[in-house]
Amino acid sequence: MRRFVIGVTGLLLVTIALAATAWAQELVFWHTFTQPERIKALEEQARKFEAKRPGVKISIEVVPWQAYPEKWTTSFAAGRMPDVTAGNINFALAMYDVGAIDRVDDVVQKLGGEKAFVGKPLEMLRYKGAQVALPFYSHARVLLFRKDWLEEKGLKPPRTWDELMKAAVAMTQPPNRYGMIVPFGKQDYMGTLWLYIFTRTARGQLLDKNMNLTFNSPEVIRAAKFLVELYKKASPPGSINFQTGDLQKTFSAERVNFFFETGFNITWTVNQAPHLAPHLSAITAPIPEGGQEAAMSDYVVMMLGKLTKQRALATEFLASLFEKEFYVKFLHLVPGGMMPTMTEVANSKEFWAHPLIVRYRPIVEAVMRGIEIGTPIAMENGPNPYTHYIQNLGIVEQMFQDIVQTNRPVEQAVAETHDKLAKIIAEAKAKK
Amino acid sequence: MAPPGGITPKQNGLLRRMGQYLDARLGFLFILPVLLVVAYLLIYPVVTSFYISLTDRNLLRRGYSFVGLENYRQVLTDREMWETLLNTGAWTIGSLTFQLLLGLGGALLLNRRMTLLWLWRMLIIVPWAFPPIVIAFVWRWILNDLYGVLNYLLMVARLVDVPLLFLGSRTLAMPTAIGVNTWFGFPFFLLAILAALQAIPDTDYEAARIEGASGWQLFQHVIFPRIRFTIGIILVLRTMWVVNSFDFIFLLTGGGPGTATQTLPVFAYFTGWRRYFLGRASAICVVLLGVLVLSSWFYFRLFQLSQVEEE
Amino acid sequence: MTRSRRVYRLLRMGQKAVLNLLVVLLAVFAVFPLFWLVTSSLKLPAELYKFPVTFIPQTVSWKFYETVLTLTYFPRYFTNSLLVALGTTVATTAMAAMGAYSIVRYHHWLSSLLARAILFAYLFPRILLVIPFFILLLQIGLVNTRTGLTISHVVFTLPFALWFLVGYFKTIPREIEDAARIDGASNITIFLRIVLPLSRPGLVAAAIFTFINSWNEFLFALVLTTAKDVQTISVGLYGLVGGETMEWGQMLASSTLVILPVLFFFLLIQRNLAEGLTGGAIR
C-alpha cells in the first residue's frame, strides 16, 4: 500500500513537471542590436510568434558586440548556450569549431533551399561540409567622404593610394581639419580592418590556402607603411585610440573627411548631423600601383545553440526572422546599412524603393560592390575559425601604436607581430 | 513586534523556552550568515581559482589537465608581464599619492570655521556618485583632442598650441589615467580625514598653541597622530581597489597606447577572456594576489595598524 | 598699534581669501565633469561636436532625454538597479550588523582572524571570481535573475560593511547593555532596542557604501545577466556606447539620469555620512 502511494505520488509529480515544461516552453534569443528601433522590431516579431503558439515564451537578451566574446564563452563554459543567437561570421565559425552551435542545413531547406539565399554569404558560412549559420544581412566597408570638401580643393574621389594620400594631405589643417581617419584603438579592431583593406588592395593576404599566417609579407608591410604615413600626415593624432564609434562622431563634428564605414553611416548622418547629409558620398577602396580592387565585407548571422532542447521550436523561430514582411521592415530600419541575404528581397522593388536607398544610390552601390568582391577579415581564402584571434586581441592595433609612437621600423614590428599571432594561432590549433 | 526573548511572559511555555534557547545562542546565530557568505566568497572561488591556475583550462574546451607550475613559468618569463607589473606599480602609487595629498590638503582646508561647509562637502563628494563606466566616458569626452573641453581651455589660456593627446600618447596616458583616478578617489580620503580631524578636541590645539608650536609642529604632533590610523586603513582599502580596478582602465584606455597603461587585471582579462587561457589568467591573478598581500603587510607595518586594531 | 593690527587683520583676511579660493578650486575640480555632462546632454547633436566648445547650450534640447526615456529600456534598467541595490543594501547591512555585533560581544577572538580573512577576500581580483560565481549561480538556478545578482553583490559588499561595523560597535559602551540585562532584557531586545538605535549613523554609513557599490557594479552584472528584465543600468549604458554607432548624446543623458538620484540621496544623508565616518572604524 505504501509503495503504491509513493508510486502514484511520484508519477503525479513527474506528470505535473512535464506538463509545466510543456506548457511554458521558453526560448532564449540573443541579439546584438543595441539601437532602440531594432530592439523594438525584434520584440514585436517575438510577440507575434508567441501569439500563434500559446505557452511559448521568447526571452530576448541583448548582447552588445563588445560584450559578445565574454558572453558566449562564459555561457559555453557553463554549458548553457541560447537557443537562437545572432552574431557575425567570425564568431559563428569560432563557435561552431568548438561545438557551441549546431549546423543549420535543415533550416536552409525549410526556407526554400540554397536558391532562397544570395550565394556568397551562404557559401562563406559553410565550413567542413556544414552550414554553420544563416546569413541575416551583409555589409561592407566603403570609403566615405564629403563631396563639398573635395570640390573645394578641385579634387576627384581618389581611385589610387597616391590620390588618396594627396587628397587627404591637401585637406589637413591641424588642429581643425584632417584628411582621413586612421584608427588604431585597442578596444576594437579598426586597425586590423584598415590594414586588411589596404593589404587586400595590394594583392596581399593574411591567411594562405592552408590557413597558415602570412602576416610577415611584403604586401602587409607595404600596407602598414602606407597607413603609418597616412596617420602621420593626415589623421587626427587622437585617432591612435579611436574605435568604431569615434569614426562617425569625428566626421559629424566636421573635423575629418575620409574614413571607412558601412552604409549605417547614411542613417546616422541624416539623423545626427543633417547639415552634412547633402554632402555625403562613398567609393570603394583606392588601389595601389599593381594592385587589385578589394574590400572588407561582413555578415551578421543567425545561429542555433548546440545544446538547445527545443530545436524544433527554435528552428521555427529562426525561420520566422526571415519572413519577408518582417525581414524587409527590419532591413529598412537602417537603409543601406543592412543588405539582404535573401534572394527574393534582394531582387524586390520594395526593398530598393526606400527613399534613403534611392537618395544615396552611389553609397549603396559601393557597398554592394564591396559585398560582391570583399571578404571578412582574413577569410580571403575561405571561412576559418581563427580570424577572431587576429582581429579581437588588439595585437595589430598595438603594433601600430608602437610604430607611430616609438618610431620602430615597420618591418621589425610586422615580423614581431607575425610571430606573436602565429604562436597564438598555433596554440589554438593544437588545443583540438 | 514581540521579540522572541523572555520579556513577554504571556506567550505559551514551549515557544518561550525556544525563544530563550535561541536567545542564549544569539552570538552563534548572528555570526552564522556571515560565516556562510565568507565561505561562499572566500573558500569556494579562491580555491577554485588556485586550482585552475595549475591546469591548462581553456574557455573554449570542456576538458583540462593538470600542468603543475607551467602557467606560472609562462607568465613569469613573459616580458609583457614585467612591463605590466611596473605599470601596475606606477598606477597604484601615483593614484594613491595624489588622492592622499589632495584629500589631506582638502580636509585641512575644510577643517576651519567656514560658511556653507555642508555645501563644499557636498560638492566635493560629487565624483563619488559616478559609476566607473560613466567616469571613463565622461573623461574621454572631456579629454578628447578634437572637441574636448580641456584642450579647448588649455588653448584659450595659450598653454598649448596644439591639442594634447591625453589618452593617446605613451608619455601622457598613464599620468592622465592617474589624474582621472585622483579625481574619483580623493573625496573618499577627504571625507574620512575630515571626520577624523573634527574628532580632535579643541583643547589639544590650544595646548599646542600655548606651547608656541608652529604650523608644521602642530601637524606633526597634534594632527598626524590622530589621523594616522584613518590614513592607514584607507590606504589599505584604496590600494586594493586601485590595483584590482579593471573597468576603469579598460574603458578609459583599453590598456593602451601600446601597453602603456596595461595593469595586471587588464592583462589577466585579455589572457583569460580574449585568448581564453583561463589557467594562465588565474596564474596572473594569483601573482596579483601575492603583490597585494605583500603591500598590505607593508602598510600594516608602516602605520602600525594591527596595534590599533587590537585596542 | 592700530596700524599693525590693521595690517595683521588684512593679512589674516588675505590668508583666508587664499584658503577659500583653494576650496573653491577643489570644488570646481570635483564638480566640473558633472557640469560638463549635464550641459552637453542638453545640446543638440550638431552643437555637441562643435569646437570651439560652448559652455551653455545655445538651445536647450531635451531630445536625448526623450529618446532615452521613451525608446530605450532605460526605465527598466533603472528599476532593476534600484531593486538590486536596495536588496543588497538591506541584506548586507542586516547581516553585517548581526555579524559585527556577534564578533564584538561574543567572539572577540574571532575578530582579528576574521578581519584578516575579510581583507584577504577583498584582495582577490574580481575578474577571476566571475566564472566560479557564474557556475555556482547556474547550479542553484539563479543565473540571469535579480536574486542571483543581488546575492553576488551581497557577497562582495558584506566584507567591508562587516569590518566597518565591527569598528563602530566597539565604540558602544558595554555598560549600557549590562544595565539593560540586569533589568531582565533578552539579548535580542538589547540588540534591537539599544545597540541598533545607538549605532544609527554607523549603520547608515555602511548602508550607503553598500548601496553605492552595488549601484555602480559593472563586471558581475555584465557576465551574470543578459535579459533586459534583469540587467542593471551600468550594463545598459555599456550597450549604448558600443556597437555600430556610439550614441554619445543618449549616453550623456542617461548618465545624468543615473547620477542625479544618487547625488540627491547624498544631499539628504550627507550629515549622517559624516557622523558615520567619524564614529566608525575610520576614526
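A residue is called buried when its relative accessible area is under 20%, exposed when it is over 50%, and partly exposed in between, as judged with a 1.4 Å probe and with protein chains only. This is a predicted model, in which local features need pLDDT of at least 70 and side-chain atom pairs count only at pLDDT 80 or more, whereas totals for chains, interfaces and linings use all residues. Residues are numbered from 1 along each chain as its sequence is written, chains are lettered from A and ligands numbered from 1 in the order in which they are written, and side-chain values use heavy atoms, with hydrogens and water left out.

**View 1. C:Ile188 in helix H9 of chain C.** C:Ile188 belongs to helix H9, which covers residues 187–198 of chain C, where helices (H or I, at least four residues) and strands (E, at least two) are DSSP runs numbered from the N terminus. With a relative accessibility of 13%, C:Ile188 counts as buried. Between C:Ile188 and C:Tyr238 there are 45 Å in space, C-alpha to C-alpha, for a separation of 50 residues in sequence.

View 2. The 14 residues of helix H6 (residues 126–139) of chain C should span 20 Å at 1.5 Å a residue, and the end C-alpha atoms are 20 Å apart, which agrees; the expected span is 1.5 Å times one less than the number of residues. H6(C) is mostly covered, with eleven of its 14 residues buried, among them C:Ile127, C:Pro132, C:Phe133 and C:Phe134. After H6(C) comes C:Gly141, which has a positive phi near 70°.

**View 3. Chain C as the setting of these helices.** Chain C contains 13 helices and zero strands, and 62% of its 283 residues are buried. Of the contacts in chain C with a separation of 6 or more, 73% are accounted for by residues 24 or more positions apart, a contact being heavy atoms within 4.5 Å. The accessible surface of chain C is about 11300 Å², and 68% of that area belongs to carbon and sulfur atoms; such areas come from the Shrake-Rupley method with a 1.4 Å probe, and for residues only the protein chains shown count as cover.

**View 4. Helix H13 of chain A.** Helix H13 (residues 311–320) of chain A has seven of its ten residues buried, so it is largely enclosed by the rest of the structure. The buried residues of H13(A) include A:Leu313, A:Phe317 and A:Leu318, together with A:Ser320. Chain A, to which this helix belongs, has 21 helices and 13 strands, and buried residues make up 66% of its 432 residues.

**View 5. Two loop residues of chain A with positive phi.** Most residues other than glycine have a negative phi. A:Met211, in the loop between helix H9 (190–201) and helix H10 (218–234) of chain A, has a positive phi near 65°, and A:Met211 is buried, with a relative accessible area of 15%. A:Asn407, in the loop between helix H20 (395–406) and helix H21 (410–430) of chain A, has a positive phi near 55°, but A:Asn407 counts as exposed at 58% relative accessibility.
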